[in-house]
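Please keep the viewer open while you read.

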Amino acid sequence: MSNWKELSGENNWSGLLKPLNKSLCDNLIHYSKRIEAVYDTVGQSVANPLSYGQPTYEEKDLFSKVGLEHYTMNNYVYGKSTFDFIDNAIPRSWFGFVAVATDEGKKHLGRREILICWRGTVTIMDWVKNLHFNQISASPILGEHTGDACVHAGFFSIYMSARDQVLSAVKKLVKQYEHEEISITVTGHSLGSAFAILTAVDIVANGYNSNSSSSSMPDAMVTVFAFSSPKIGNSDFVNVFNKFDNLHLLHIRHNLDIVPRVPPTSNYSTMGTVLNITYTSYTIKDFLRPTITSISEMVIRFHILKNLHVAIEKQQEKKFRFSSLVPVQQLTLFPTQPILKKILPQQITVLPMGDTLALAILSFLTMNLKNYLM
């Protein structure tokens, strides 16, 4: 993969997003599968307290069990999403892992990649922490760079409980491969995206990506692939993040996903280069359901990583795709209608009234042709 630096944001993904570059699309699917592996193998049943929030497989077995290659596991990462007053005997939850490219993986990826992967919300206490959106200073990770940078208190609390496990692993691996070309990629979904952003800026701000003086290799590029990330800090935090030259962030989000818009308060700012996914998969069945059911499904559907994974792949195909500027239902036209099949895209957004269908088609074509022509 000779252009790995470009795909990792060396030029902030200029020219790769619209239309979505095939190699970048493959990269995003590559990382999303690693996050999905954590989701698929973490205990999610409250009825089984011994396995709740815990990994199904031992560290050494994860990649072979889920059928993923190119990396060897360094360590699992555990975090505390409980309150301080709750008994410390409650086990920490498994949130992700630190891995490093194998020799074969290095050939495929084009460099020795250190990969840090974070899952999103799974346990009840994860949900509780999500709601702690008061802000606290980011000084524990930014140090002299902090200024007035503040971050989401709930996200930061969990990250700090796992921080030492991640940084000690990165320090060890950077030292181990100091005479090779190294990159550090941090990826996560939803809550895990917040951890990924905090991890990446922590690594760069404190020099964990720096090679020793005995190495002739440059410092490692640090890249975040954040899937469906909520907002995590104020504008001062965003400014600190942006000032580091060797740090890059691509936020992959569906335009109908509500999570990237929260917390909805003015003291939270968006950040990074945004890849806006517009592909949808609504059918006539969705259109006929009650409005409340359809809207609630919409909020969930486009946030789930597996669905976003599919939408990313579909986005890369060279087709017309349109989506509404507000959350309304969608209808897939039957391909048996020969005229409409020739002049309309497979998926269009329509108003939920048959007598306004023609007006809806015309309106959305006009509003979205410029922005979503692929």
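## Glutamate 178 and its salt bridge

With a relative accessible area of 9%, glutamate 178 is buried, where buried means under 20% relative accessible area, exposed means over 50% and partly exposed is in between (1.4 Å probe, protein chains only). Its side chain meets that of lysine 175 in a salt bridge, 3.3 Å from N to O. The term stands for a side-chain nitrogen of Lys or Arg within 4 Å of a carboxyl oxygen of Asp or Glu.

This is a predicted model, so local features need pLDDT of at least 70 and side-chain atom pairs count only at pLDDT 80 or more, while totals for chains, interfaces and linings use all residues. Residues are numbered from 1 along each chain as its sequence is written, and side-chain values use heavy atoms, with hydrogens and water left out.

## Other salt bridges

How many salt bridges does a search of the whole structure find? The search gives 14. One of them pairs lysine 5 with glutamate 181, with 3.3 Å between the closest N and O atoms. Lysine 5 sits in helix 1 (residues 4–7) and glutamate 181 in the loop between helix 7 and strand 6 (182–189), so this pair ties together parts 176 residues apart in sequence. Helices (H or I, at least four residues) and strands (E, at least two) are DSSP runs, numbered from the N terminus. Both partners have intermediate cover: lysine 5 is partly exposed at 31% relative accessibility, and glutamate 181 is partly exposed at 29%.

Glutamate 113 and arginine 111 form another salt bridge, their closest N and O atoms being 3.0 Å apart. Both of these residues are buried. Salt bridges with shared partners also link Asp103, Lys106, Arg112 and Glu180 into one network.

## Helix 7 and arginine 163

Helix 7 runs over residues 153–176 and includes arginine 163. The helix has 24 residues and spans 34 Å from first C-alpha to last, close to the 34 Å expected at 1.5 Å a residue; the expected span is 1.5 Å times one less than the number of residues. At alanine 162, helix 7 bends by about 50°, taken as the angle between axes fitted to the seven residues ending there and the seven starting there.

Is arginine 163 buried or exposed? At 14% relative accessible area, arginine 163 is buried. Beyond its neighbours within four places in sequence, arginine 163 is in contact with Pro140, Ile141, Asp202 and Asn206, a contact being heavy atoms within 4.5 Å.

## Backbone points to check

Most residues other than glycine have a negative phi, and most peptide bonds are trans. The bond from lysine 18 to proline 19 is cis, with omega near 0°, and proline 19 lies in the loop between helix 1 and helix 2 (22–41). Another cis bond runs from valine 262 to proline 263, with omega near -5°.

Asparagine 12 has a positive phi of about 55° and is partly exposed at 42% relative accessibility. Serine 190 has a positive phi near 60°, but this residue is buried, at 9%.
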